[in-house]
Amino acid sequence: MSDPVTCEIFPDYILGKVLAHLAEQAQTIVEIGTYLGTGSTTCLVLGMTKPEQRLWTIDKNPVHTAKARENIRDERVSFLTGRALELLEQLPPAIDLLYLDGGEDDSLKEFEALAPRSKVVAMDDTMGDKNREARLRCLADPTTWHVLLDLPL
């Protein structure tokens, strides 16, 4: 069975540049949805300019995780395989940057579990089923969330 067609975020894309910039400011970064590591994961790593910065990146598919490890060889990156909701104890208690780009089934639950311990939350696919509800919650609650950029593409 082949992988579904994906639309990755690359460093020269607007979101890729935003992710790299946000990563520059973050000590601890968590990404859900590694895929092969060649899209948003690469953008986050490019933004990690300090040796003490760390990235935890999660993908459900062990084949994707293995390929991402081959594509990203940086000792500051921890590759985790499985459902993020089952790996919460392996993630830092305080997250500077959370990037949500995992599967549609768990995304809202991941947002609910990880956003409260995150300073900045970024997400992709906010107009589709994956992160639409999380985006709407952020927009509807300006006392909790300060929306820095909303690109509903």
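Buried means under 20% relative accessible area, exposed means over 50%, and partly exposed lies in between, with a 1.4 Å probe and protein chains only. By that cut-off, cysteine 138 is buried, with a relative accessible area of 8%. This is a predicted model: local features need pLDDT of at least 70, side-chain atom pairs count only at pLDDT 80 or more, and totals for chains, interfaces and linings use all residues. Residues are numbered from 1 along each chain as its sequence is written, and side-chain values use heavy atoms, with hydrogens and water left out.

**Largest pocket**

- The largest pocket has a volume of about 850 Å³.
- Of its 30 lining residues, Val121, Ala122, Met123, Leu149 and Asp150 are the closest to the centre.
- A pocket is an open set of points on a 1 Å grid over the protein atoms alone, where a 1.4 Å probe fits, with protein on both sides within 12 Å along at least five of seven lines.
- Lining residues have an atom within 4 Å of a point.
- Grid points are joined across faces, edges and corners, and the volume is the space filled by probe spheres set on the points.
- Three elements each supply at least two lining residues: α1 (14–24), β5 (118–123) and α5 (132–140).
- Helices (H or I, at least four residues) and strands (E, at least two) are DSSP runs, numbered from the N terminus.
- Strand β5 gives the largest share of the lining, five residues.
- By class, the lining has 20 nonpolar, four polar and six charged residues.
- Here Ala, Val, Leu, Ile, Met, Phe, Trp, Tyr, Cys and Pro count as nonpolar, Asp, Glu, Lys and Arg as charged, and the others, Gly among them, as polar.

- Aspartate 150 is found in the segment after α5.
- At 32% relative accessibility, this aspartate counts as partly exposed.
- Aspartate 150 touches Arg135 and Leu139, leaving aside residues up to four places away in sequence; contact means heavy atoms within 4.5 Å.
- Glycine 128 is 22 residues from aspartate 150 in sequence and 14 Å from it in space, C-alpha to C-alpha.

**Nonpolar cores**

- The largest nonpolar core has 19 residues, of which Phe111 and Val121 touch the most other members.
- Two or more of its residues come from each of β1 (28–32), β2 (54–59), β4 (95–100), α4 (107–114), β5 and α5.
- The largest share of this core is from β4, with three residues.
- Valine 121 touches Leu98, Leu100, Phe111, Ala115 and Trp145, not counting residues up to four places away in sequence.
- A second, separate core has 18 residues, including Ile9, Ala23, Val77 and Ala122.
- A nonpolar core is a set of buried Ala, Val, Leu, Ile, Met, Phe, Trp, Tyr and Cys residues joined through side-chain atoms within 4.5 Å.
- In soluble globular proteins, nonpolar side chains tend to be buried together.

- Six of the eight residues of helix α2 (residues 40–47) are buried, so the helix is largely enclosed by the rest of the structure.
- Those buried residues are Ser40, Thr41, Cys43, Leu44, Val45 and Gly47.
- They pack against α1, β1, β2, β3 (77–81) and β4.
- Cysteine 43 is buried, because its relative accessibility is 1%.
- The structure holds zero disulfides, a disulfide being a pair of cysteine sulfur atoms within 2.5 Å.
- Threonine 34 sits in the loop between β1 and α2, and counts as buried at 4% relative accessibility.
- Threonine 34 touches Thr41, Thr57, Ile58, Asp59, Ala68 and Phe79, not counting residues up to four places away in sequence.
- Tyrosine 35 is in the loop between β1 and α2, and is buried with a relative accessible area of 17%.

**Positive phi**

- Phi of tyrosine 35 is near 55°, a positive value in a residue other than glycine.
- Aspartate 125 also has a positive phi, near 60°.
- Aspartate 125 lies in the loop between β5 and α5, and is partly exposed at 35% relative accessibility.

**Alanine 113**

- Alanine 113 lies in helix α4, and is partly exposed with a relative accessible area of 29%.
- Alanine 113 touches Leu85 and Leu88, not counting residues up to four places away in sequence.
- The C-alpha atoms of alanine 113 and leucine 85 are separated by 7.6 Å, and the two residues are 28 apart along the chain.
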